[in-house]
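Welcome! Here is a short briefing to read alongside the structure.

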Amino acid sequence: MSGSEQIKDPGKLVVPVAVMAVFGAMVVLGAGTFALALRSDPTRAWASFIHNHFYFLSLGLGGIFFAALQWLTGAMWSAPVRRVAESFTAYLPVGAVTFAILYFGMHELYPWMHSEHVHGDPGLEHKAAYLNVGFFVVRNVVAFALWIFFTRKMIGNSLKQDRDKDVAWTLRNRAWAPAFMMVFAITYTMTSFDQLMSLDPHWFSTMFGVYCFAGLFYSTLALTTLLTLLIQRTGRLNGIVNDNHLHDLGKLMFAFTVFWAYIGFSQFMLIWYANMPEETGYFARRFNDSWLYVSIFLFVGKFLTPFFLLLQRQNKRSHGRLAFVGCWMMMAQWVDILWLVQPEFFKTGPQVGWVEIGVMLGFAGAFGLMVSRFLSRNSIVAIGDPKLAQAVFHHHQ
């Protein structure tokens, strides 16, 4: 008998019909808000769309990255919580659809789409071979195809292992994981350059992809912890997930809070020190008018607040405090993406009103629907993982 067979399968998540109805209503509300905003203020509508599209797409990719990281390293501790992160990947097909919708807003979002801006501008003319509609669409479609391929392959293997408990599925995923990591590093960097950095086509930073990745894993860890705590409250994870697993998630949340701050400071410091006009303008916009307060919030709210809240051991083992920090980190990451997008359109300060909240709720509803659907069809724990029994009785020395 394998170790995993000694653990009782907690089964699938029972999602109340009312919860699914709420998620569905959120999608309808978001679609309606976006449609109304398109008629009254198209720029604001599309800015909110790209903001939330990238935020939730990153969460979906964070799920497959988290899982692949566990297979790549042969981690034991994460077996009871890995399936929660795997569920985020169910959103990726929706992300592909929202990217297709984004195509119709490119003219509103990207200055390099306008020939009158490109011609006569040496910087943009030099980038025209890369920043053009055809190449933009092709490379992003290829990225989505690769992400969905690896997701179906690796998450599919994980689900098959639930049925036959065959360790061969883990070995296959361990072989697939390095290839995915290389593809992910290239494609996610490219996507962050394309969809966010090219909102200001004159600005460039070779660290921007790493900065976006730091935010991706920062928020993925927070959501994995939140959803694990939520499921644990139902009693379905009793005897499987203990405070040691939550402590490990808390340590990772703490680590990537520091990593995000390190990358953010490094990017800013190098641009400040070089003092090149084509680079400094990006930060100048974000340190003027009301954007200064958002920049201060990112330092205080996204870094210092979770840093000090997660510093103490007992806070990483307190369900209530960990849930609060997780919610806070999710909000802080949303503000960070807003800070990356909106200053290109609204120079004097952030716009957060019915448009932004409504569109965000629509994307959140779609994400909730897909994750709930995944967990209601599959076991909430990777019950076939050969390291599950060892992980369940995992204790810190």
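**Salt bridges and a helix pair**

Glu86 and Arg82 sit four residues apart, about one turn of the helix, and both belong to helix 3 (residues 82–87); helices here are DSSP runs of H or I with at least four residues, numbered from the N terminus. This is a predicted model, in which local features need pLDDT of at least 70 and side-chain atom pairs count only at pLDDT 80 or more, while totals for chains, interfaces and linings use all residues. Residues are numbered from 1 along each chain as its sequence is written, and side-chain values use heavy atoms, leaving out hydrogens and water.

**Salt bridges**

- The side chains of Glu86 and Arg82 meet in a salt bridge (2.6 Å, N to O), a term for a side-chain nitrogen of Lys or Arg within 4 Å of a carboxyl oxygen of Asp or Glu.
- Both Glu86 and Arg82 are buried, meaning under 20% relative accessible area, with exposed over 50% and partly exposed in between (1.4 Å probe, protein chains only).
- Asp336 and Lys302 also form a salt bridge, at 2.6 Å from N to O.
- Asp336 lies in helix 15 (residues 319–341) and Lys302 in helix 13 (residues 291–309), so this pair ties together parts 34 residues apart in sequence.
- Asp336 is buried at 1% relative accessible area, and Lys302 is buried at 0%.
- A search of the whole structure finds 11 salt bridges.

**Helix 2 and helix 16**

- Helix 2 (residues 42–73) packs with helix 16 (residues 354–377) at an angle of about 30°, so the two are roughly parallel (angles under 35 degrees).
- Residues that meet here include Phe49 in helix 2 and Phe363 in helix 16, where contact means heavy atoms within 4.5 Å.

Definitions and conventions
Axes fitted to C-alpha atoms, helices over the stretch in contact; angles between N-to-C directions. Parallel < 35°, antiparallel > 145°, perpendicular 65-115°, else oblique.
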